[in-house]
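Hi there,

Here is the structure I promised to pass along. Have a look at it first, and then read on for what turned up.

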Amino acid sequence: MSDAPASDPPLDLLIVGAGFGGLYMLHKARAMGLSALILEAAPSVGGTWYANRYPGARVDIQSLEYSFSFCEALQQEWQWTERYAGQPELLRYANHVADRFDLRREIHLNTRMTSARFDDLAQGWRVGSIRADGASQAWQARFVVLASGPLSTPFTPDFPGVQTFAGPVLHTAAWPHVPVDFSGRHVGVVGTGSSAVQVIPRVAQQAASVTVFQRTAAYVVPAHNGPLDPAHEARVKADYPGFRARNRQMRTGFGCELPPDPASALAASPEARAAAFEARWRVGGFGLLGAYGDLMTDLQANALAAEFVRGKIRETVHDPATAALLCPHQPIGCKRLCVADGYYETFNRSNVQLVDLSDRPIEAITSGGLRAGGREHAFDTLVLATGFDAVTGPLMRLDLRGRSGLRIQDKWRDGPLNYLGLTVAGFPNLFNIAGAGSTSAFTSVIVSIEHHVDWIAECIAWMDAQGHATIEATDEAERAWVAHVNAIAARTVFLSCNSWYLGANIPGKARMFMPLAGGFPAYAERCAAVADQGYAGFALG
Ligand code: N01
């Protein structure tokens with residue numbers, strides 16, 4: 001890095017990403033009087049809600065719970081229009097936050113971080129970035145905070161022949177910024193995860209035909225989205241801090257209005273079980289998985305909830321053969337549960353057909369469609385809803401080097417080792433927001449973001465007060481933390497299917513269960529205890 005650093009003297013904090021994590025980290029740093037800025041590759045703030053703009057894109061947690069709590073005035077003044085906010089509204093919210101807290105002057109848009117190297121002598125980071133216009137820049141900072149998002153690196157399978165396809169190829173996570181007109185189009189959609197189940201019903205309303213290519217059937221529960229009930233909003237806002245506090249006591253950081261029932265599904269009578277599942281299905285969203293305390297820990301109990309959803313699929317989908325193909329067989333919730341309205345109903349439309357890939361994988365994309373199991377399928381527009389290289393994807397694409405030049409690709413060859421989900425041994429003064437080893441994937445991610453940012457801010461304030469220049473997880477603490485994450489996962493149903501939680505959706509990726517399944521309150525308590533013990537498990541320099 002020969003250029004003179006753009007930040008001289010070094011910044012306190014260099015933040016990567018202007019999604020919700022980066023925005024709050026910048027606000028917090030500024031409030032503490034730290035010098036900080038954000039590098040953001042996109043031309044806008046908003047992170048995931050800037051990139052994922054396919055028709056139907058919408059959050060799967062209720063708006064009143066998927067929003068910042070750190071500022072009472074903000075949470076009072078912002079009015080969500082729907083129970084589950086759509087992508088345009090979420091992007092407006094991110095922009096509002098950037099403006100309201102005057103964050104833009106320290107956000108460098110169109111600027112992609114390309115490298116970050118820990119300088120052992122300077123005890124800080126040297127960071128390289130490249131702007132969209134090709135100009136490279138250099139930065140130095142005491143701390144680097146990675147807020148690059150766990151689901152920000154789209155995954156496109158390496159299908160032979162994809163470059164020969166004559167029509168447009170659209171990935172849900174890199175959707176064009178101009179409206180796509182599907183009228184008269186024959187569309188092939190690959191994938192049936194959360195993105196697919198939102199985009200398929202919308203495309204089917206417009207296109208001449210839609211062919212859905214399904215490798216693994218997904219469990220889709222209704223959102224029952226609609227306009228936000230003003231009376232409900234008023235009730236929540238009358239004591240928003242109390243509502244947030246109650247949510248932080250939930251394992252998921254949300255859902256305090258429909259708390260999980262700790263009872264065993266196996267102990268309930270079939271009638272009581274059916275009624276409990278039905279009541280939660282009517283409410284919609286993730287609450288179904290909280291109908292009983294053992295659904296996510298006992299495969300037998302889990303199978304009862306799974307069968308309930310399969311019953312709903314058979315009731316909804318008119319063609320029995322299509323219904324049978326749509327019925328999933330893996331444990332429910334093992335892959336992230338999908339929340340969407342109208343997905344199964346879409347298969348009753350005459351212009352929609354389902355192709356099962358489970359034992360007939362895609363062999364090639366052709367100029368006019370694709371070939372799977374020896375059969376040709378024709379379409380003129382290809383939608384890839386094939387997900388993300390989750391959690392580790394953005395970091396593993398960086399030239400990120402810790403102490404003594406340790407490369408993150410070497411450190412994480414067998415999976416993302418970490419301590420508390422926030423730090424990595426060998427990478428001092430580097431913090432990760434919503435990363436592997438934290439509960440973020442199982443929570444309303446904004447609850448996790450606020451927790452992580454507050455913890456990082458407190459840590460830096462404490463270090464400054466104590467006169468410490470560096471903090472670094474010890475190998476021993478890291479090993480114990482990863483063992484803890486694995487031990488908790490082993491007591492759940494999460495290891496019994498292939499999911500992005502395990503890295504199993506990416507060919508060749510190290511298989512390691514990445515999120516912590518122990519619940520947000522226990523995790524937050526543990527992080528607080530570490531801080532209270534003078535940052536136990538960390539070496540301080
Ligand atoms: O990605 P996914 P996603 N041949 O990985 C299939 C969040 N999110 O973008 O299951 C054929 O879930 C793959 O098949 P299989 C949310 O956390 C939230 O949908 O691996 N098919 C699967 O069906 C979510 O969990 C929201 O067998 C192939 C699909 O592509 C996460 O993002 C909305 C294939 C990928 O599904 C990821 O969701 C959207 C191949 N070679 C996303 N490769 C909401 O808030 C992959 N597939 C509502």
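Which helix gives the largest share of the shell around the ligand? That is helix H5, residues 194-206, with three residues in the shell. Before going further, please keep in mind that this is a predicted model.

**Around the ligand**

In total, 25 residues surround the ligand, and the closest are Ser195, Arg215, Thr216, Lys335 and Trp500. Sorted by class, the shell consists of eleven nonpolar, nine polar and five charged residues.

Thr216 has a polar side-chain atom 2.5 Å from a ligand oxygen atom. For Ser195, a polar side-chain atom sits 2.6 Å from an oxygen atom of the ligand. In the side chain of Lys335, an N or O atom is 2.8 Å from an oxygen atom of the ligand. As for cover, the ligand taken alone exposes 910 Å², and the protein buries 88% of that.

**Inside the protein**

The largest nonpolar core holds 143 residues, and Leu13 and Trp455 have the most contacts inside it. Helix H14 (residues 445-466) supplies the largest share of this core, with ten residues.

If you want to trace the contacts of Leu13, leave aside residues up to four places away in sequence; among the residues that Leu13 then touches are Met25, Ala29, Leu34, Phe143, Val145 and Ile460. There is also a second, separate core of 22 residues, which includes Leu14, Leu37, Ala141 and Phe427. Two of those names, Leu37 and Ala141, are also on the list of residues that Leu13 touches.

Note on methods. Residues are numbered from 1 along each chain as its sequence is written. This is a predicted model: local features need pLDDT of at least 70, side-chain atom pairs count only at pLDDT 80 or more; totals for chains, interfaces and linings use all residues. Side-chain values use heavy atoms; hydrogens and water are left out. A residue is near a molecule or strand if one of its heavy atoms lies within 4 Å of it. A polar contact is a pair of N or O atoms within 3.5 Å; within protein, one must be able to donate a hydrogen and the other to accept it, and residues adjacent in sequence count only if both atoms are side-chain atoms. Accessible areas come from the Shrake-Rupley method with a 1.4 Å probe; for residues, only the protein chains shown count as cover. Helices (H or I, at least four residues) and strands (E, at least two) are DSSP runs, numbered from the N terminus. Ala, Val, Leu, Ile, Met, Phe, Trp, Tyr, Cys and Pro count as nonpolar, Asp, Glu, Lys and Arg as charged, and the others, Gly among them, as polar. A nonpolar core is a set of buried Ala, Val, Leu, Ile, Met, Phe, Trp, Tyr and Cys residues joined through side-chain atoms within 4.5 Å. Buried means under 20% relative accessible area, exposed over 50%, partly exposed in between (1.4 Å probe, protein chains only). Contact means heavy atoms within 4.5 Å.
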